[in-house]
Amino acid sequence: MAFSQESDILRRLRLIEQLKADLVVSVGELFRAVAKNSETALADGLASVVIACYILGRRLGIDFAVLDEAIDNQLNQNIKKNHEVEKWFGDYSEYLRHLRRKE
């Protein structure tokens, strides 16, 4: 293997490890935001987690559209299973409606 290929592979692996660490940090920031009970901090923390998941997924070979489809499938499964969150609050259905309005 040529040096440049090896360094490219190592760089990609390091980036994936960095993205995994960023995701953990984002979850920690979200937990701090929950403790603060600040809507802005909560929104920022949740956004960081979502973005980190999408970018990590892309680096792992998952297209954004594939991730979107997986989310859609899981929402539909939780609606069909009448998950407690769905049964009590209808959150899965509401999120699915939100996503469909954006299309």
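Analyst: Patches are made of residues with over 30% relative accessible area and no salt bridge, where like charges are joined within 9 Å and nonpolar side chains (Val, Leu, Ile, Met, Phe, Trp, Tyr) within 5 Å; a salt bridge is a side-chain nitrogen of Lys or Arg within 4 Å of a carboxyl oxygen of Asp or Glu. This is a predicted model, in which local features need pLDDT of at least 70 and side-chain atom pairs count only at pLDDT 80 or more, while totals for chains, interfaces and linings use all residues. Residues are numbered from 1 along each chain as its sequence is written, and side-chain values use heavy atoms, with hydrogens and water left out.

User: Which residues make the nonpolar surface patch of about 250 Å²?

Analyst: Accessible areas come from the Shrake-Rupley method with a 1.4 Å probe, and for residues only the protein chains shown count as cover. On that basis, the patch is made by I9, L10 and L13.

User: Is I9 buried, partly exposed or exposed?

Analyst: I9 lies in helix 1, residues 3-36. Buried means under 20% relative accessible area and exposed over 50%, with partly exposed in between. Because its relative accessibility is 41%, I9 counts as partly exposed.

User: What pattern does the protein follow along the sequence?

Analyst: Helices (H or I, at least four residues) and strands (E, at least two) are DSSP runs, numbered from the N terminus. The protein has five helices and zero strands, and its pattern reads α-α-α-α-α.

User: What share of the 103 residues counts as buried?

Analyst: The C-alpha trace spans about 55 × 35 × 25 Å along its principal axes. Of the 103 residues, the share that counts as buried is 18%.

Conventions
Buried < 20%, exposed > 50% of the residue type's maximum accessible area, 1.4 Å probe, protein only.
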